[in-house]
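Subject: A structure for you to explore

Hello,

Here is the structure I promised to pass on. Please open it beside this email and follow along as you read.

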Amino acid sequence: MIPAQPANVHRCRTDVMPILASVPAVPILPDWGVWRTIAMASAADIDLCWTCGACDNGCPVSLATERLRPQRTVRMAVFGMIGELLVRPDIWYCLSCRRCLQGCPNRVKPFELHRYLQNEAIRRGILSADFLGAYRKLFAEFQRVRWRAASHCFNGSLDHLPDQTWFQWLKKPLPHASYRPVALGVNRNTHDPPKSEMVLNGQACFTCSECSGCCPIICGDVFDPQRIIRMVNLGLSEELLRSPAIWLCLGCQRCTDACSQTVSGYDIIRQLQRQAIEKGFVDPAFPMRLLAADRVIYPKYIEEIDTLIGLYRLKDSADVMDEIRLDGINAES
């Protein structure tokens, strides 16, 4: 008979034993020379990180897939683990949405670190130069999937996406929207004229395309912040309130930062989203359905990136580590 254990004795969880077994017997010592080079080249302020995890909690890819942890990338960079980072596929999962920065109390910029690591991986020949073109094409096509997922959520939940539907959504261009001519200076929505400061500020837009030029998800047939601002100014708000496009904004606020006319594209889009709910174009549960849909489509997007990495990889981790040991990081060459 096995004696009962005292109440204050905790059993070791067997499900974490493989994790514990993978911990190296010798602690990893920081390589301060490599850390300094990464910190200077990336301009990500990684030395300010105190591992609070706010970046992980704000990252949409982390929330949807748990496959990207900005905090882990930053800590590995602080320890100078450049060889391990350059071959990790998750450095390519970043959307550059800046939510990691927005949530960080110390203003650390993991998205800048990811961009530096991506450039360094290409520079070192870990992935072929052709990878970037295929990667950017996939990212643009993924915005079509996000648009169609939002459109689907107008009428119900997206709980499952068959592979065939996924590829159709990915590859098939969106239908071209058709708008009736609008006379300049005439607001079509005369029953509800835009009076808020948001719209008045938007009228300062002179269509220079600064917002479109810096938007990370700009895609002609899917999302364009300048087009949205222009439609608001032309009184086409109702068309926007019916469109999935206003729900694709990642909230990076680059459009607002870049605008020389101080037009806040971010605030305009957020106001449109609130109006869509208030006026019944979407129901109040729609944003939650859209978040749930992310957990369906983002894992498929990650799988596509992994496939591209497998097709275009030129060096494995052992080759990269040997090269770094022989030549050093040389990140600023």
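Which residues have the most contacts inside the largest nonpolar core? They are I46, W92, L113, L158, F223, I297 and Y301, and the core they belong to has 96 residues. A nonpolar core here is a set of buried Ala, Val, Leu, Ile, Met, Phe, Trp, Tyr and Cys residues joined through side-chain atoms within 4.5 Å. Buried means under 20% relative accessible area, exposed means over 50%, and partly exposed is in between (1.4 Å probe, protein chains only). In soluble globular proteins, nonpolar side chains tend to be buried together.

Before you go further, please note that this is a predicted model, in which local features need pLDDT of at least 70 and side-chain atom pairs count only at pLDDT 80 or more, while totals for chains, interfaces and linings use all residues. Residues are numbered from 1 along each chain as its sequence is written, and side-chain values use heavy atoms, with hydrogens and water left out.

The overall picture

The protein has 18 helices and 0 strands. Both are DSSP runs numbered from the N terminus: helices are H or I with at least four residues, strands are E with at least two. Of the 333 residues, 46% count as buried. A contact means heavy atoms within 4.5 Å. Among contacts between residues at least 6 apart in sequence, 77% join residues at least 24 apart.

Leaving out residues up to four places away in sequence, F223 touches C215, I217, I218, I228, A245, L248, C249 and I269.

Aromatic rings

Rings of Phe, Tyr and Trp (its six-membered ring) pair if their centres lie within 6.5 Å; planes under 30 degrees apart count as stacked, over 60 as edge-to-face and the rest as tilted. This rule gives 11 aromatic pairs. One of them is stacked: F131 and Y135 have ring centres 5.7 Å apart and planes at 20°. These two residues both sit in helix α9 (residues 130-153), 4 residues apart, which is about one turn of the helix. Both F131 and Y135 are buried.

F131 also pairs with Y312, with ring centres 6.0 Å apart and planes at 65°, so this pair is edge-to-face. It links distant parts of the chain, since F131 is in α9 and Y312 is in helix α17 (residues 286-312), 181 residues apart. The relative accessible area of F131 is 0%, whereas Y312 is partly exposed at 24% relative accessibility.

Elsewhere, ring pairs link F139, F142, W166, Y298 and Y301 into a cluster.

Helices worth a look

How do α10 and α17 pack, and at what angle? Helix α10 (residues 163-171) and α17 pack at about 75°, with their axes 12 Å apart. Axes are lines fitted to C-alpha atoms, for helices over the stretch in contact, and angles run from 0 to 180 degrees between N-to-C directions. Angles under 35 degrees count as roughly parallel, over 145 as roughly antiparallel, 65 to 115 as roughly perpendicular and the rest as oblique, so α10 and α17 are roughly perpendicular to each other. At this meeting place, D163, W166 and F167 from α10 meet I297, K300, Y301 and E304 from α17.

Next, find α5 (70-78). This helix is largely enclosed by the rest of the structure, because 7 of its 9 residues are buried. Those buried residues are P70, Q71, T73, V74, M76, A77 and V78, and they pack against α2 (32-42), α3 (54-58), α6 and α8. G80 follows α5 and has a positive phi, near 75°.

Helix α8 (residues 110-123) is mostly covered too, with 11 of its 14 residues buried. Among them are F111, L113 and Y116. Just after α8, G125 takes a positive phi of about 75°.

Some loop residues

E66 has a positive phi near 60° although it is a residue other than glycine. You will find E66 in the loop between α4 (60-65) and α5, and at 69% relative accessibility it counts as exposed. S96 also has a positive phi, about 60°, and is not a glycine; it lies in the loop between α6 (82-86) and α7 (99-103).

Finally, H176 lies in the loop between α10 and α11 (197-202) and is exposed, at 77% relative accessibility. Its C-alpha atom is 7.3 Å from that of D221, 45 residues away along the chain.

Enjoy exploring!

Methods: Expected span 1.5 Å × (residues − 1).
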